[in-house]
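Please look at the sequence and the three-dimensional structure shown below, and keep both in view while you read.

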Amino acid sequence: MTTLPATLLQRLLLDPTRRERVTHVEHVPARVGRRADWPVWVPQLLVDRLALQGVPAPWEHQAAAADLARGGQSVVISTGTASGKSLAYLLPVLSALLEDEKATALYLSPTKALATDQLRAIRALNLMQVRAATYDGDTAHEERDWVRRFGTLVLTNPDMLHRGVLPRHSDFSRFLRGLRYVVVDECHTYRGVFGSHVAQVLRRLRRVCARYGAEPVFLLASATASEPDVSASRLVGVPVAAVSDDASPRGTTEFALWEPPLMDSHGGENGAPIRRSATAETGDLLADLVVEGARTIAFVRSRRGAEAVAVNARRAVTEAAPELASRVAAYRAGYLPEERRELEKRLQSGDLLGVAATNALELGVDVAGLDAVILSGWPGTVASVWQQAGRAGRAGQGALAVFVARDDPLDTYLVHHPSAMFGRAVEATVLDPSNPYVLGPHLCCAAAELPLTEEDLELFGPGTEELLADLVRRGLLRHRPKGWFWTSRERPDADLRGAGGPPVRLVEAATGRLLGTVDNSSAHSQAHTGAVYLHQGESYVVELLDLEEAVALVRPDEPDYSTSARDITDIRIAETLRSTTYDGVVLSYGTVDVTHQVVSYLSKRVGSGEVLGEELLDLPPRQLTTRAVWYTVSATLLEAASLEWADLPGAAHAAEHAAIGLLPLFATCDRWDIGGVSTALHEDTGLATVFVYDGHPGGAGFSERGFARAASWLQATRDAIAACECATGCPSCVQSPKCGNGNEPLDKAGAVRFLDVVLRSGLGQVWPG
């Protein structure tokens, strides 16, 4: 496929009705690369082998990062997709392994696919002295023994480091004693609760390495990010230098913003207008591009969505070009190892022409020669937008990228405010390693690995001493003159993904076949009785969710609807940590106690989004102590906004929904990572109050970012509601797909007036006029 991206876009728009869906096209110009000389310390053998792989010389940023690491400085390479970050960290790593037979290196990636791909690239260099191998859940036990005894470059992931390496560090003594470098690939993905857990795993690694006399240099690779050195330092706990001047070449990219049309024949909840689903629209676009012969990846936020896009695309391709239907597939996390390996093989070979993928592929297989990328909905961060879009054009040719908006406030705001995507700096990565719900379990793990001492207090950060005292009081640790000791014969554990329990297994009831897993924290909303689940293009309906056994029994079915869970929430203020007072508005950040319960689910017709019905569920409530940002509004300001007492609940409720939808633009989160509550009169404040809270125990840093960016956040919220073309509220502005109150009451016009007076109070940087 050699069609220019602009021409490819024109072909997609041959249908006049489609042209109206494109709200903006951004032309990203090509860039000429800048080469550097090979660093003098790189062995000639490595230079020769890289030349055979088509690398005549490094780009300037690769050489700069490699020199820093070689000099003992931990470094983060924060450059665009396909900029060659892997060579930047492999130069010092492979050089060290070639020079010193006792030297070792550790490579950490967020996905197994990425580690497998890196191993393939390293072995292609045919360096006999470099004994590289993966060490993860798919590694056979006999292979694990070989890796422990002989491996010099071990590729694994944070979960395996946490559960399979650090608790058995004595078995890895040879490897840890020689550890020179630790590579943390795709480090921008370690954010929120997961990032905070990984930060503590890395501190435990540094502590165990010190026990064996090693002090490794960290090499981190990140997508373009704001303050990458600050985020990387917070992640690994040591000073990190940043290299962010991208010197690699880049082809032109045509980037289209695409808004699906309103559906004339279908109404949403409470009669609200709805747009054609992003999933259906993405499936059609993927099919059209496959028929054009364009190698295309469609990135979809959820496992279910990826499967649905693949099914829709395959069906459309079957009608237009039946011979190509078998070359369309889904790729996502949760597949069995043999399924994943087969898909990766077909993708690498070019046998797959169209792929619907979750971010398992965004971070995984290195694929060159792609022509187009479709982003089905906001992927969470600006960094992820460019990470995904950069998968096309990776061989240096031009590329087409299409962002398809979902029917929600954030996506609608973005397609009508292109500068929010193309004209602003990328976000900083949010994580909080000192979260006591994160730190506590890792202190127990660390004590089980090696008794904790006074010297470890600084390593694990603020709050460690107080938390150790609490762990002693709870009988988890024992304090002696020489330190803190783990008291149980059983190994402690920490759930790195903050999932709050073991994953729930999805099992076919009739055969007992294991289909996949769902995080425990997601089971209430994704695997409840009646939920529709897709696997490899086949749909299933959950017959029973057994929370005690952590299993959901499913049956094959072909319903013409999808399901969406609804929940209700109650919130109490436990402690106010920060507060700012304006004229009639008080903005606060602190600790809250949340009671959350999934109470029902909606059935929506596939393709149209039409609401077919609601079914009640009987699931237990969940308790959560977390962090929140909230603001109160005085009666005087409400009067100024012409909001009667009867109108206030709907206005505040609508403002809360939209604020949840827009916060991911300012914090590296997803709307499903956060929750909210609004009330005309909250019992703890005595005033009209809107809360937005982190959906993880102890907080994840998202609401704290909302507190810091409240002016910009609430201004964007107000603008998104006011700009929506609906009359009284819809999913694109103030309706929420997870509202347990059935999106009642909602007052769109009242929400604009409500936010206007909040911004006028002095909280807003610019009064909207």
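Predicted model: local features only at pLDDT ≥ 70, side-chain atom pairs only at ≥ 80, totals over all residues.

Residues are numbered from 1 along each chain as its sequence is written, and side-chain values use heavy atoms, with hydrogens and water left out.

We begin with the overall form. A compact globule of 769 residues would have a radius of gyration near 27 Å, and the protein, with 26 Å, agrees with this; the radius is taken over C-alpha atoms, and the globule rule is 2.2 Å times the number of residues to the power 0.38. Along the principal axes, the C-alpha atoms fill a box of roughly 75 × 70 × 60 Å. Of the 769 residues, 58% count as buried, where buried means under 20% relative accessible area, exposed over 50% and partly exposed in between, with a 1.4 Å probe and protein chains only. Among the contacts with a separation of 6 or more, 73% join residues 24 or more positions apart, a contact being heavy atoms within 4.5 Å. The protein has 27 helices and 29 strands, which are DSSP runs numbered from the N terminus (helices are H or I with at least four residues, strands are E with at least two).

We turn now to the sheets. Strands of a sheet pair through backbone hydrogen bonds, either parallel or antiparallel; here, two strands count as paired if DSSP finds at least two bridges between them. An open sheet of 7 strands, with parallel pairing, has the order β4-β5-β3-β6-β7-β2-β8. Its edges are β4 (132–134) and β8 (241–243), and each has a single partner strand, so one side of each is left without a neighbour in the sheet. Neighbouring strands of this sheet are turned by 15° against each other on average, direction ignored; such angles run from 0 to 180 degrees between N-to-C directions, with axes fitted to C-alpha atoms, for helices over the stretch in contact. Within this sheet, β6 (residues 179–184) and β7 (residues 217–222) run parallel and are joined by 4 bridges, and V183 has L219 in β7 as its bridge partner. Helix α10 (residues 192–211) packs on the sheet, where it touches β3 (104–108), β6 and β7, and its direction makes about 175° with that of β6.

Another open sheet, also of 7 strands, has mixed pairing and the order β1-β9-β16-β15-β12-β14-β13. At its edges stand β1 (22–28) and β13 (328–331), each with a single partner strand, so one side of each lacks a neighbour in the sheet. Which strands pair with β16? Strand β9 (residues 253–258) pairs with β16 in the parallel sense over 6 bridges, and strand β15 (residues 372–376) runs parallel to β16 and is joined to it by 5 bridges. In these pairings, A256 has V402 as its bridge partner, while A372 stands opposite L400. Because 6 of the 6 residues of β16 (residues 399–404) are buried, this strand is largely enclosed by the rest of the structure. Both of its faces are covered, with A399, A401 and F403 buried on one side and L400, V402 and V404 buried on the other.

Next come the cores. In soluble globular proteins, nonpolar side chains tend to be buried together. A nonpolar core is a set of buried Ala, Val, Leu, Ile, Met, Phe, Trp, Tyr and Cys residues joined through side-chain atoms within 4.5 Å. The largest one has 121 residues, and those with the most contacts inside it are F403, Y631 and F754. Its largest share, 9 residues, comes from helix α24 (residues 648–662). A second, separate core has 41 residues, including V93, I122, A132 and V183.

Finally, consider S761, which lies in helix α27 (residues 748–763). Is S761 buried or exposed? With a relative accessibility of 10%, S761 counts as buried. Leaving aside residues up to four places away in sequence, S761 touches Y582, D583, V585 and L637.
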